[in-house]
Amino acid sequence: EGEEAELWELDWGQLWDDLKEIGWSRDTPKDLEPDRFVRPGVDRKSRGGWLRGKHYFCDADEVRAFLRSRGIDGDELTGDIEEDGPPPADAPPPPPPPPP
């Protein structure tokens, strides 16, 4: 019996279906910008203040990288904007505070 695949390892069709079930959405801008894959909990009225890589992602690779970096499993962690999520395992330690 093999291990269950991580969420970000699923093929895009299955992954996107799973993400929609936990609140992710797709936003299609009116201009020539690409579609945006939007995290759950993002205020849709504040679209002008959205940041790529924080509030939305423009392609499957960006979505997968985010899911993997946060350890999002679709159960305990969904990628909701309110989640801090665990830090990436390979993240450098925070810099020391400046001297007083």
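Predicted model: local features only at pLDDT ≥ 70, side-chain atom pairs only at ≥ 80, totals over all residues.

Reader: What order do the strands of the open sheet have, and which pairing, parallel or antiparallel?

Author: Residues are numbered from 1 along each chain as its sequence is written, and side-chain values use heavy atoms, leaving out hydrogens and water. The open sheet holds 3 strands in the order β1-β2-β3, with antiparallel pairing. Strands here are DSSP E runs of at least two residues, and helices are H or I runs of at least four, numbered from the N terminus.

Reader: What makes β1 and β3 edge strands?

Author: β1 (25-27) and β3 (56-57) each have a single partner strand, so one side of each lacks a neighbour in the sheet.

Reader: How do you know that β2 and β3 pair?

Author: Pairing requires at least two DSSP bridges between two strands. Strand β2 (residues 36-38) and β3 have 2 bridges, in the antiparallel sense, so they count as paired. Across this pairing, Phe-37 stands opposite Phe-57 in β3.

Reader: Why is α1 called oblique to α2?

Author: Helix α1 (residues 12-21) and helix α2 (residues 60-70) pack at about 60°, with axes 12 Å apart. Axes are lines fitted to C-alpha atoms, for helices over the stretch in contact, and angles run from 0 to 180 degrees between N-to-C directions. Under 35 degrees is roughly parallel, over 145 roughly antiparallel, 65 to 115 roughly perpendicular, and the rest oblique. The angle therefore makes α1 oblique to α2.
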